[in-house]
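Colleague: I have a model open and want to learn how to read it. Can we go feature by feature?

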Amino acid sequence: MKTVKKGLDSALSWFCVVLFAVLVVDVSWQVFTRQVLNSPSGWSEELAKYVFIWLGLFGSALVFGERGHIYVDFAVKKLPAKVQYVVGLLMQVAILAFATLVLIYGGWQVTELAWDQKLAGLPIAVGPLYLALPISGVLIVFYTVYHLVGILRRTESAVEDAEPDVL
């Protein structure tokens, strides 16, 4: 599983870098056409919206792989080690449930509903663009199962100490 995770981390990192580069070029083109040419590009705004959504979803999946997601651990760190362990497991199970139900199942339902819907500014349908929801959900489920197994085997701590205590 470690080898798959390393490969997935690398591929996802590069994919996010490419998406970010496309977003920068696209928005720069939009600003150039609006400010210099005085004729705004209609398609670039639409493209930027969807590239930004994809970047957010796949970037968040990458952050889940690094266990860098936001959680409030101030109170949990004050609890006994056994309770921290249980809370850590419950957090991973909650993430697993959310990703499965909302991102994969709900995302697939939305994708099917919008599959043939056309975009005004781009010559493509909306449905394939919505595939980012279930795909990022599958990635988050993989990463969550990976970390859940690590917590159960005690190769990972139940509550990650990502930042020093401020309070």
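Colleague: Start with one residue. Is Leu 119 buried or exposed?

Modeller: This is a predicted model, so keep that in mind throughout. Buried means under 20% relative accessible area. Leu 119 has 12%, so Leu 119 is buried.

Colleague: Where is Leu 119 placed?

Modeller: Leu 119 sits in the loop between helix 4 and helix 5.

Colleague: Which residues is Leu 119 in contact with, leaving aside neighbours within four places in sequence?

Modeller: Glu 46, Tyr 50, Ile 124, Val 126 and Leu 129. Leu 119 and Glu 46 are 73 residues apart along the chain, yet their C-alpha atoms are separated by 8.5 Å.

Colleague: Now the nonpolar core. Which residues of the largest one touch the most other members?

Modeller: The largest nonpolar core has 27 residues. Leu 12, Leu 19, Trp 54, Phe 58, Leu 119 and Ile 140 touch the most other members. Helix 1 (2-35), helix 2 (42-65), helix 4 (81-113), helix 5 (126-130) and helix 6 (132-152) each supply at least two residues of this core. Helix 2 gives the largest share, 10 residues.

Colleague: What does Ile 140 touch, not counting residues up to four places away in sequence?

Modeller: Ile 140 touches Ser 60, Ala 61, Phe 64, Ile 95, Ala 99 and Leu 103.

Colleague: What does the second, separate core include?

Modeller: That core has seven residues, including Val 76, Ile 151, Ala 158 and Val 159.

Colleague: How do I read backbone angles?

Modeller: Begin with the general rule. Most residues other than glycine have a negative phi. Then look for exceptions. Asn 38 has a positive phi of about 60° although it is not a glycine. Arg 154 is another non-glycine residue with a positive phi, near 65°.

Colleague: Where are Asn 38 and Arg 154 placed?

Modeller: Asn 38 is in the loop between helix 1 and helix 2. Arg 154 is in the segment after helix 6. The cut-off for exposed is over 50%. Asn 38, at 68% relative accessibility, therefore counts as exposed. Arg 154, at 60%, is exposed too.

Colleague: And pockets?

Modeller: Rolling a probe the size of a water molecule over the atoms shows where empty space is left. In this model, the second largest pocket holds about 170 Å³ of space.

Colleague: Which residues line the second largest pocket?

Modeller: Met 1, Lys 2, Tyr 146, Val 149, Gly 150, Arg 153, Thr 155 and Glu 156. The lining divides into three nonpolar, two polar and three charged residues. Helix 6 gives the largest share of that lining, three residues.

Colleague: Last point: confidence. Which elements have the lowest and the highest mean pLDDT?

Modeller: Where pLDDT is low, the predicted coordinates should not be read in detail. Here the protein chain averages 88, and 94% of the residues score at least 70. Helix 3 (residues 74-77) has the lowest mean among the elements, 76. Helix 6 has the highest, 94.

How values were computed: Residues are numbered from 1 along each chain as its sequence is written. This is a predicted model: local features need pLDDT of at least 70, side-chain atom pairs count only at pLDDT 80 or more; totals for chains, interfaces and linings use all residues. Side-chain values use heavy atoms; hydrogens and water are left out. A nonpolar core is a set of buried Ala, Val, Leu, Ile, Met, Phe, Trp, Tyr and Cys residues joined through side-chain atoms within 4.5 Å. Buried means under 20% relative accessible area, exposed over 50%, partly exposed in between (1.4 Å probe, protein chains only). Helices (H or I, at least four residues) and strands (E, at least two) are DSSP runs, numbered from the N terminus. Contact means heavy atoms within 4.5 Å. On a 1 Å grid over the protein atoms alone, a cavity is a set of points where a 1.4 Å probe fits but cannot get out, and a pocket is an open set with protein on both sides within 12 Å along at least five of seven lines; lining residues have an atom within 4 Å of a point. Grid points are joined across faces, edges and corners, and a volume is the space filled by probe spheres set on the points. Ala, Val, Leu, Ile, Met, Phe, Trp, Tyr, Cys and Pro count as nonpolar, Asp, Glu, Lys and Arg as charged, and the others, Gly among them, as polar. pLDDT is the predictor's confidence in each residue, from 0 to 100.
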